[in-house]
Protein chains: 2
Amino acid sequence: MIIEDIMDKEEILELIKGGSVDISKLKILLSDMNPVDIAEILEGLEIEKVLHLFRILPKALASEVFSHMDADNQQSIVEALSDSEIGEIVNKLFVDDAVDFIEEMPANVVKRVLQNVPFAKRKIINQILQYPDDSAGSIMTTEYIDLREDATVSEAFDTIRSIGLNKETIYNCYVIKKDRLLTGHVSAKTLMLADPDEKIADIMDTNVVFANTTEDRETIADQFKKYNLLAMPVVDMEQRLVGIITVDDIVDVIVEESTEDIEKMAAIMPSEDSYLKTSIFQHSKNRFLWMLILMLSATITGYIISSFEKGFMVLPILMSFIPMLMNTGGIAGSQSSTLIIRGLAVGEIELKDIFLILWKEFRVGLLCGLGLGIVNFIRVFIFYRNDVMLCLTITLSLLFTILMAKTIGSVLPIFAKRLKIDPAIMSAPLLTTIVDALSLVIYFSFAKMIFGL
Amino acid sequence: MIIEDIMDKEEILELIKGGSVDISKLKILLSDMNPVDIAEILEGLEIEKVLHLFRILPKALASEVFSHMDADNQQSIVEALSDSEIGEIVNKLFVDDAVDFIEEMPANVVKRVLQNVPFAKRKIINQILQYPDDSAGSIMTTEYIDLREDATVSEAFDTIRSIGLNKETIYNCYVIKKDRLLTGHVSAKTLMLADPDEKIADIMDTNVVFANTTEDRETIADQFKKYNLLAMPVVDMEQRLVGIITVDDIVDVIVEESTEDIEKMAAIMPSEDSYLKTSIFQHSKNRFLWMLILMLSATITGYIISSFEKGFMVLPILMSFIPMLMNTGGIAGSQSSTLIIRGLAVGEIELKDIFLILWKEFRVGLLCGLGLGIVNFIRVFIFYRNDVMLCLTITLSLLFTILMAKTIGSVLPIFAKRLKIDPAIMSAPLLTTIVDALSLVIYFSFAKMIFGL
């Protein structure tokens with residue numbers, strides 16, 4: 001909840017909708033608001049009104065509001081603004097926000113934006129745009145505070161005061177020596193609690209968790225989680241400080257990585273855009289391949305069923321249990337693989353735990369299999385004229401299917417990880433195919449054995 | 001990566017393993033290290049060595065290391081320490097860490113810990129323990145800095161310096177008036193950049209995003225994401241400031257909530273503990289219910305298959321396509337439901353988007369269905385002696401099954417959400433049951449129509 005804001009929003013919307021806009025009143029209301037909320041208000045309006053409001057905002061606030069708008073609105077605004085206005089807004093953006101914005105724009109807009117940004121800023125933006133997607137370099141920003149080892153605490157405060165207003169975070173200052181080599185870290189907390197005459201070198205922490213520009217953003221998110229960081233410095237190949245990553249961007253990374261894992265587990269190729277913004281062709285493309293693979297791999301189960309045709313002719317009732325066995329096996333396997341994939345992703349499970357896991361899943365499978373077997377035995381016994389042989393066939397098949405599915409479901413992700421294949425993407429189609437085929441083999445083997453088919 | 005640490009870790013392990021331990025050297029090495037890394041080193045050692053190392057740590061560092069250890073190690077340590085040592089360590093913990101620790105301990109340990117903590121701290125811990133799981137109150141801490149409206153900036157700095165060392169975050173100070181009512185917020189950045197004589201009331205931001213103690217932690221995580229917060233104040237029913245929530249705990253909440261959603265989507269009841277720490281009975285309990293429901297609901301598909309027995313006797317080949325149709329339908333439906341469930345969870349999709357989504361999924365289903373249909377037609381045509389009637393039956397069934405699965409898969413989570421049921425938990429079993437049954441109905445209808453069975 002936010003103090004004051006709810007009233008403000010309605011007042012502003014009213015002021016805007018009522019034709020005659022009291023600009024001075026609007027200005028006061030808006031300048032008190034959180035830029036995120038202003039961006040939200042603007043997103044609901046027509047472009048003329050957006051531009052009108054946007055122009056009455058103080059320049060610094062305008063840039064911040066701009067960075068919180070969605071790509072469509074950003075594009076509309078940029079297309080309506082003059083060259084110099086664009087330059088001013090983008091120049092005031094933090095570098096990481098500017099890069100995020102530019103990455104979403106079509107080529108012609110990007111060209112116009114970059115042309116109007118001052119040279120120094122353009123150079124930095126271009127540099128960051130060149131880092132590979134998902135690398136530390138691509139999510140870092142260059143607004144940070146660096147201090148010299150031989151500076152004093154009071155000199156540090158002067159530095160912060162003189163340049164701090166434009167830095168994304170001033171709570172973590174990084175200490176560098178000659179050639180910008182990173183040597184340490186001082187938090188604002190340490191500075192505030194220190195004697196003004198102390199040297200930075202004496203109070204700095206030399207134990208700095210840092211990233212290389214090319215490091216994977218998921219690894220970095222893990223370090224943020226492990227060390228409870230608010231920011232992390234980024235260095236280049238020569239250990240020179242080039243940027244920082246802040247926790248708010250890491251929160252986004254964590255959410256995006258979870259979404260990607262969830263999509264992969266559901267046999268979907270991860271999409272960069274949100275669901276509604278992804279075109280139907282892209283959606284179809286993301287889903288088609290795995291559907292095709294699953295459809296074709298089901299040929300195997302088809303053949304297994306065909307091979308048992310004679311058995312069905314003698315005892316047609318056996319057909320009707322196929323979906324039950326395949327579905328229960330499928331869910332048993334995907335439960336196991338899901339838990340292992342997620343455990344591997346969040347670091348709770350390691351490759352060396354494979355035997356622990358196998359033993360655990362075997363016992364869980366036994367417990368669940370026995371429980372379900374009993375329910376199933378009773379059910380089949382009642383519904384199918386006390387046919388003990390049939391009960392036995394179905395129940396034994398069910399128990400062995402569950403045991404098989406749980407063990408395969410648990411080791412498959414670990415094998416994938418060991419082979420450096422993404423466990424999430426491997427499991428759904430491969431697991432389904434194997435479990436389906438084997439559950440039928442188990443079923444028909446018991447049927448042949450018990451009924452002598 | 002961490003400067004220096006890798007060498008330190010090995011040195012320390014060597015020092016510890018080599019019987020004669022040079023305590024003064026160890027002390028120096030350890031006091032330079034990150035507490036998270038010390039906790040990691042300790043977790044690999046036997047309890048005697050853990051205790052030995054633990055006792056040579058400076059008290060403040062010992063508490064921090066303790067808060068980063070896992071529950072098993074914490075329990076071993078507490079059981080080996082004296083009453084007064086326990087009191088000292090727990091008293092030095094931040095309240096939220098103390099609560100996390102106590103929640104993991106068995107009753108007898110909890111009793112002993114609480115008996116040895118000073119009264120004031122015990123009272124606060126007991127209060128926080130009483131907040132419902134997943135509420136703001138349960139994840140907040142009571143170490144924060146509050147300032148009076150009429151204080152000056154320099155007085156604020158004095159406050160921070162005198163009490164700041166024990167506060168979990170000093171970068172966000174909260175402003176209160178009479179009766180501790182929350183009225184505003186001042187960041188350390190604002191304080192550092194302000195004139196020392198200015199009044200807090202004049203520089204504070206009255207637009208504060210805050211939480212109530214009973215608010216759901218997922219809602220709060222959404223606010224952190226939306227406003228890029230580092231901390232959020234928590235107030236009671238009378239708007240009195242009672243605590244703060246910090247971003248590091250929110251990162252944990254986001255990861256845990258994603259894990260819960262993933263487990264629910266895989267038809268598993270979410271577990272509090274990690275995979276390896278959950279007992280096999282708990283694992284079985286978490287998975288049994290949905291397996292049972294799926295197994296029993298497969299009775300429906302069994303009946304549908306039995307009802308078509310005569311058709312199979314005439315044309316046994318029809319049997320072998322059942323797994324292919326059911327699996328392709330299943331994956332088509334779960335792809336759609338997964339995207340919608342995740343979209344709802346991260347706030348990209350809202351209930352009002354239902355018609356947009358239906359129309360989108362229908363077209364995606366049509367595209368995928370036509371693509372798969374063509375592949376399938378060719379495959380069946382080649383493998384089954386150019387039987388056009390069979391090709392047509394299978395291909396039409398496939399197309400309609402995919403269309404049906406995609407539309408049902410997309411609207412089911414939205415209906416669930418509208419009925420205030422968790423979409424993640426609803427979808428797997430219900431969707432599978434509906435899609436399986438309907439895909440068979442579609443298949444047999446086409447078979448009857450085309451072959452006149």
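Modeller: Over all chains, the count comes to 21 aromatic pairs. Rings of Phe, Tyr and Trp (its six-membered ring) pair if their centres lie within 6.5 Å; planes under 30 degrees apart count as stacked, over 60 as edge-to-face and the rest as tilted. Please keep in mind that this is a predicted model, in which local features need pLDDT of at least 70 and side-chain atom pairs count only at pLDDT 80 or more, while totals for chains, interfaces and linings use all residues; side-chain values use heavy atoms, without hydrogens and water. Residues are numbered from 1 along each chain as its sequence is written, and chains are lettered from A and ligands numbered from 1 in the order in which they are written.

Colleague: What kind of pair do B:Phe400 and B:Phe446 form?

Modeller: The pair is tilted, with 5.5 Å centre to centre and 55° between the planes of B:Phe400 and B:Phe446. B:Phe400 belongs to helix H21 (residues 388–418) of chain B and B:Phe446 to helix H22 (residues 423–451) of chain B, so the pair ties together parts that are 46 residues apart in sequence. Helices (H or I, at least four residues) and strands (E, at least two) are DSSP runs, numbered from the N terminus.

Colleague: Is B:Phe446 buried or exposed?

Modeller: B:Phe446 is buried, at a relative accessible area of 13%, whereas B:Phe400 is partly exposed at 40%. Buried means under 20% relative accessible area, exposed over 50%, partly exposed in between (1.4 Å probe, protein chains only).

Colleague: Which residues form an aromatic cluster in chain A?

Modeller: A:Phe308, A:Phe312, A:Tyr443 and A:Phe444 form one. A:Tyr443 also touches A:Ser397.

Colleague: Where does A:Ser397 lie?

Modeller: A:Ser397 is part of helix H21 (residues 388–418) of chain A, and it is buried, at 0% relative accessibility. Residues up to four places away in sequence aside, A:Ser397 touches A:Leu325, A:Ile442, A:Tyr443 and A:Phe446; contact means heavy atoms within 4.5 Å.

Colleague: Let us turn to the two copies. What rotation superposes chain A on chain B?

Modeller: A rotation of 180° does so, with 0.0 Å of shift along its axis and an RMSD of 0.1 Å. That is the relation of a two-fold axis. The same surface serves both copies, as 100% of the contact residues of chain A recur in chain B.

Colleague: Which residues of helix H12 in chain B are buried?

Modeller: In H12 (residues 153–163) of chain B they are B:Val153, B:Ala156, B:Phe157 and B:Ile160. They cover an arc of only 100° around the axis, which puts them on the same side of H12(B). That arc is taken from the directions from the helix axis to the C-beta atoms. Their cover includes helix H13 (188–193) of chain A, as well as strands E1 (145–148) and E2 (172–176) and helices H13 (188–193) and H14 (200–203) of chain B.

Colleague: What does B:Asn172 contact?

Modeller: B:Asn172, in strand E2 of chain B, is buried at 9% relative accessibility. Beyond its neighbours within four places in sequence, its contacts are B:Ile145, B:His185, B:Val186, B:Ser187, B:Leu230 and B:Ala231.

Colleague: One last topic, the backbone. What is the phi of B:Lys420?

Modeller: Phi is near 60° there, a positive value in a residue other than glycine. Most residues other than glycine have a negative phi. B:Lys420 sits in the loop between H21 and H22 of chain B and is exposed at 78% relative accessible area. B:Asp134 has a positive phi too, near 70°; it is in the loop between helix H10 (119–130) and helix H11 (136–139) of chain B and is partly exposed at 31%.

How values were computed:
Least-squares fit on C-alpha atoms with pLDDT ≥ 70 in both.
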